[in-house]
Each structure stands twice: as structure tokens, then as C-alpha cells.
Amino acid sequence: MRIKVINPNTTASMTAKIGAAARAVAGPGTEIIAVNPECGPVSIEGHYDEAIAAAALLEEIRKGEADGVDGYVIACFGDPGLLAAREVASGPVLGIAEAAMHAASFLATGFSVVTTLGRTKIIAHHLAKSYGMAPFCRNIRACELEVLALEDERSDARRIITEECRRARDEDEAGAIVLGCAGMADLAKAIEREIGVPVIDGVTVAVKFVEALVACGLATSKHGDLAYPIAKTFTGLNGMSVARS
Ligand code: 5HY
């Protein structure tokens, strides 16, 4: 099976890190195609960035459909454009926030999210609520780190994130930690060893969930609101129409 893992920001080093994390857990016979759009924000740190990134992300889904991809992962913790992507896709589409929160709820009665900037916390709150995960979500914490600090060896990101995870374990009594950025994918296991509770990276669990759904022969429902988009003219946006029956 072929799974397309889409980093909706345009930072290639983060896409490479996300691809490596995905390939590390992909099963035999699963091909991981890790991409980022050519256009859009270098990092996603708010509602505006998400809205701009979503359009380019949908273009990657559209290209995946033309290439016969079996499933998709949206590798950004805001799960931008998730429902729109499910309209365009035939195979399963998972967002890393959705996947990580559900995985955490299988492993602990309460989890905390540790994310980058404080201004994105509300996005995680909204997602936890809309996914029915609010009863499990003890707290959402921010490290006040910019997303691209995760790509900078000189930044103290790893130590700062580890300390915030430790505080979440102690102060929130969180039995598990959800990492709130795809750019943290390479940190999960090291932090888990250090603080002794499950630390969940959404990229890897989303890949395994998509693999499981495809292996069960399951695909996105095309009955109702996730039916393929209605073919129409998109003024000034050539090629955006998704003519499918
Ligand atoms: C992410 N931004 O996973 C989110 C994290 C965040 O560019 N990739 C991004 O802070 O919302």
C-alpha cells in the first residue's frame, strides 16, 4: 500500500524528519510518500497560516488521487483541511492530532498536549472537543517555541519540551503526553525514556491507523457530506475542480 504523508508547511527539513519517522514504523509493503506543497507558509502557527496551507494541502491530495494513493496523513497538529481532504480522497485521511489523541485515550485515562506557541492552544482545544477527546484531555501546554526552532540544532527545544512534558506528568497527573507538532516526531521516544510515561507522536500513530484501515479494506465514506466535491468552475483557480462521480 502507498501512504502519502503531507507536511502542509513548506519546510523541507521538517518533511524529511516526518518521512523518516513514518518509514520507521511503516509495515513491510507500505510505501511512504512524504511531501510538502511548493507554496504556503514555512511554518503553521495560527488560524491564518492553517487557512492558507489548507488549499495547497488539498492540491497534494488531488495529485495523490491521480497517482492512486491508498491513504493519507495530514502531518500538522492543527489537522488543517481534514474534512475537505476527506471529500477529495477515496482512501482514509487522518490528521496527526486526531490520531495522537485517540491513541493516548487507549493508553491512559488522561493525557496532556505539549505544543509550540501559546496562540495555537485554542486550536488543540477545539480539536479535542470536536473529536470527543475533551474528557481525556487534562491540559494543553505551550513551550513558547516557534515551530522552526525545532529545525535549529542550536535551539534548546529538546530540553524545553522535555521539561514541559515532565511538568505535565506531575502537575496535570497526565498518564500520557501528546506532542503538539509534527516537527517533534523525532523526540517522542527519548522523552518517553526520560519521563517514564507514554509520549505520543501523531505522525507514527496516524501512519499505523491508516495502514490498519486500508488493510481492513475500509475507505472514506462517499455517502453524505464527504462525497466528492461537486464539479464546478473555480474562478481564477485553474485545475481546482475535482470532477469525480
Ligand atoms: C505543526 N505547525 O505540526 C504545527 C504545530 C503547531 O507547521 N506543523 C506546523 O504549532 O501548531
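The exposed residues K129 and S130 sit on the face of α5 turned away from its buried side. Here exposed means over 50% relative accessible area, buried under 20%, and partly exposed in between (1.4 Å probe, protein chains only). Helices (H or I, at least four residues) and strands (E, at least two) are DSSP runs, numbered from the N terminus.

This is a predicted model: local features need pLDDT of at least 70, side-chain atom pairs count only at pLDDT 80 or more, and totals for chains, interfaces and linings use all residues. Residues are numbered from 1 along each chain as its sequence is written, and side-chain values use heavy atoms, with hydrogens and water left out.

Helix α5 spans residues 121–130, and its buried residues are I123, A124, L127 and A128. These residues lie on the same side of α5 because they cover an arc of only 135° around the axis. The arc is taken from the directions from the helix axis to the C-beta atoms. The cover over the buried residues of α5 includes α2 (47–67), α4 (96–107) and β6 (137–142).

G132 belongs to the loop between α5 and β6. Just after α5, G132 adopts a positive phi of about 75°. G132 is partly exposed, at 41% relative accessible area.

**M14 in helix α1**

M14 is part of helix α1 (residues 12–25). With 2% relative accessibility, M14 is buried. Beyond its neighbours within four places in sequence, M14 contacts N7, N9, V147, E151 and G183. Contact means heavy atoms within 4.5 Å. H223 is 209 residues from M14 along the chain, and their C-alpha atoms are 35 Å apart.

**Cysteines**

A disulfide is counted when a pair of cysteine sulfur atoms lies within 2.5 Å. The count is zero disulfides. C39 is in none, and its nearest cysteine sulfur, that of C76, is 15 Å away. C39 is exposed at 51% relative accessibility. C216 is exposed too, at 57%.

**Salt bridges**

Side chains of opposite charge can pair when their charged atoms come close. A salt bridge here is a side-chain nitrogen of Lys or Arg within 4 Å of a carboxyl oxygen of Asp or Glu. The whole structure holds 18 salt bridges.

| Pair | N to O distance |
|---|---|
| E31 and R2 | 3.2 Å |
| R141 and E171 | 2.9 Å |
| K189 and E192 | 3.2 Å |

E31 and R2 form a salt bridge. This pair links distant parts of the chain, with E31 in strand β2 (residues 31–35) and R2 in strand β1 (residues 2–6), 29 residues apart. E31 is partly exposed at 40% relative accessible area, and R2 is partly exposed at 28% relative accessibility.

R141 and E171 are also paired. R141 is in strand β6 and E171 in helix α6 (residues 157–171), so the pair ties together parts 30 residues apart in sequence. R141 is buried at 9% relative accessibility, whereas E171 is exposed at 53%. A network of salt bridges links R141, E164, R167, E171 and D172.

K189 and E192 lie three residues apart in helix α7 (residues 188–195), about one helical turn. K189 is exposed at 51% relative accessibility, while E192 is partly exposed at 24% relative accessible area.
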